[in-house]
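Subject: Structure handover

Hello,

Here is the structure I promised to pass on. Please open it first, then read my notes below.

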Amino acid sequence: MKKRIAIFGSTGSIGTQALEVIAAHPELFSAEILTAQHNEEALIAQALQFNPNIVVIGDERKYEKVKQALSATPVKVFAGEAALAEAAGIDCYDMMVAAIVGFAGLKPTLIALNEGKSVGLANKETLVVAGDIVMQKSVEKRAPIIPIDSEHSAIFQCLVGETRNKIEKVILTASGGPFLGKKPNFLLNVKRDHALQHPNWKMGAKITIDSATLMNKGLEMIEARWLFNLQPNQVQTLIHPQSIIHSIVQFEDGSMKAQMGLPDMKLPIQYALTFPSRIKNDFPRYDFRKPCQLNFEDPDIKTFRNLALASEALNRGGNLPCIMNAANEIAVFAFLRNRIGFLDMTDVIEAAMERLPFIENPSLNDYYESDGEARNFAASLIRL
Ligand code: NDP
Ligand code: MG
């Protein structure tokens, strides 16, 4: 029996790589649902290649074009945000690959979990915003979440066979991004095109900027806290510029396990799709015999203040990570449009975290409201 996959965000960096994995193993997987927001050309091409059951285009203005292009096929075409959520609830798939970027990924993921579907989770913002509710849903519905984010996939892989053993801490490695070692006077003048050049990974624009500001690692600390049921002080970050060690688990006997490999997202994607099995592939291998150096250093949180803000959000919890995430999405959006500078992003996030009301035990509705308020507040600072 083939595993039927629904890729939410199929036209993005993770989505297209997930389709590459599916295309390499047609005997194991079929693509049943594909979704995009604006990129109708890519969605159409994917639908013609993979012949899914359903496609959804978020931007309703593109509906006619997609419908027309697929009129000779049995593919069902839907459009709009509500259709995206509805598609997640249709019982035509076994596993969702949650590869939408940002807060927009929360709703379809929650619906998939509610339907008892397993979720291969790339969309870290889902857990940053509402990790308590999402994990609770996963347990309640026995709907497993398999991490795709490379660090979390690494930890997940290290934990196989260790269910009874206590974790002392996890160490999330970070490449440091394109501005590793730089100081604020340099960062002041950084432009988007420079920030979009990540040394080790080719990813979507938002996560690439998050990697340059180290917000990505902050989001990942919160993601790890929820995925692995850790206390905030059990999550540590370490700069490792080569991105070969993807993360480390330290158990209570002091023993450490790490997962390693070349930086290639297809590996954690494939692992999520085939878990608990591993299957053969021809991805390039890391070779220790070649001249190599693996370096480690503490992150510079005085310069990359987003990581300090994320630690604060991790420690205080409540709706603070949600507020931080929303302000960050607006700040990154503005930076990508050259509306604010690199360091301004941190100021916007910090102001939102200071000014918006703190809720200690938020409901899902509180998270939606906090997200909206934080977006409006951040946008008002930038005058978007
Ligand atoms: P991309 O920007 O490349 O892709 C995002 C996808 O989501 C696209 O299919 C896009 O559609 C769709 N999308 C964008 N906005 C919306 C919206 N409002 N509603 C519905 N769909 C939307 O992102 P990435 O693939 O890089 O990242 C996806 C997620 O995975 C992020 O949360 C990121 O943090 C996480 N991740 C990514 C990694 C990577 O290597 N890229 C590594 C680890 C985690 P369209 O193309 O039409 O705009
Ligand atoms: Mg990561």
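**His152 and its surroundings**

His152 touches Pro147, Leu172, Glu220, Glu223, Ala224, Leu227 and Phe228, leaving out residues up to four places away in sequence. Keep in mind that this is a predicted model. His152 sits in helix α7. Its relative accessibility is 0%, so His152 counts as buried.

**The magnesium site**

One of the contacts of His152 is Glu220, and Glu220 is also a ligand of the metal. Which residues coordinate the magnesium ion (ligand 2)? They are Asp149 through OD, Glu151 through OE and Glu220 through OE, at 2.0 to 2.2 Å. The spacing of these donor residues in sequence is D-x1-E-x68-E. Distant parts of the chain are linked here: Asp149 is in the loop between β7 (145-147) and α7 (150-158), while Glu220 is in helix α11 (residues 215-227), 71 residues apart.

Are these two buried or exposed? Asp149 has a relative accessibility of 7%, so it counts as buried. Glu220 is buried too, with a relative accessible area of 1%. The cut-off for buried is under 20%.

Helix α10 covers residues 205-213 and is mostly covered. How many of its nine residues are buried? The count is seven. They are Lys206, Thr208, Ile209, Asp210, Ser211, Ala212 and Thr213. What covers these buried residues includes α6 (125-140), α9, α11, α13 (305-316), α14 (320-336) and α15 (344-355).

One of those covering elements, α9, spans residues 192-195 and holds Asp193. Asp193 is partly exposed, at a relative accessible area of 47%. Asp193 and Glu40 are 153 residues apart along the chain, and their C-alpha atoms are separated by 25 Å.

Leu214 is in the loop between α10 and α11. With 5% relative accessibility, Leu214 counts as buried.

**Other backbone points to check**

Most residues other than glycine have a negative phi, and most peptide bonds are trans. Two more places deserve a look.

Asn229 is not a glycine, yet its phi is positive, at about 55°. Asn229 belongs to the loop between α11 and β9 (235-239). Buried or exposed? Asn229 is exposed, with a relative accessible area of 67%.

Where is the cis peptide bond? It joins Phe275 and Pro276, with omega about 10°. Pro276 lies in the loop between α12 (266-274) and α13.

**The packing of α4 on α5**

Helix α4 (residues 81-88) packs with helix α5 (residues 106-114) at an angle of about 25°. Their axes are 8 Å apart. That angle makes α4 roughly parallel to α5, because angles under 35 degrees count as roughly parallel. The crossing of the two helices is right-handed.

Which residues of α4 and α5 meet? From α4 come Leu84, Ala85 and Ala88. From α5 come Lys107, Pro108, Ile111 and Ala112. The residues of this contact divide into six nonpolar, no polar and one charged.

**After α16**

Leu384 is in the segment after α16 (364-382). At 43% relative accessibility, Leu384 counts as partly exposed. Setting aside neighbours within four places in sequence, Leu384 is in contact with Ile330, Phe333, Ala334, Arg339 and Ala379. Leu384 and Ala331 are 53 residues apart in sequence, and 9.9 Å apart in space from C-alpha to C-alpha.

**Where to start**

I would open the view on the magnesium ion (ligand 2) with Asp149, Glu151 and Glu220. Then go to His152 in α7. Finish with the cis bond between Phe275 and Pro276.

Best wishes

Notes:
Residues numbered from 1 in each chain as written. Chains lettered and ligands numbered in written order. Predicted model: local features only at pLDDT ≥ 70, side-chain atom pairs only at ≥ 80, totals over all residues. Heavy atoms only, no water. Axes fitted to C-alpha atoms, helices over the stretch in contact; angles between N-to-C directions. Helix = DSSP H or I, 4+ residues; strand = E, 2+ residues; numbered from the N terminus. Parallel < 35°, antiparallel > 145°, perpendicular 65-115°, else oblique. Left-handed = near helix turned anticlockwise from the far one by under 90°. Contact = heavy atoms within 4.5 Å. Nonpolar A, V, L, I, M, F, W, Y, C, P; charged D, E, K, R; others polar. Donors = N, O, S within 2.8 Å, 3.2 Å for Na, K, Ca; no water. Buried < 20%, exposed > 50% of the residue type's maximum accessible area, 1.4 Å probe, protein only.
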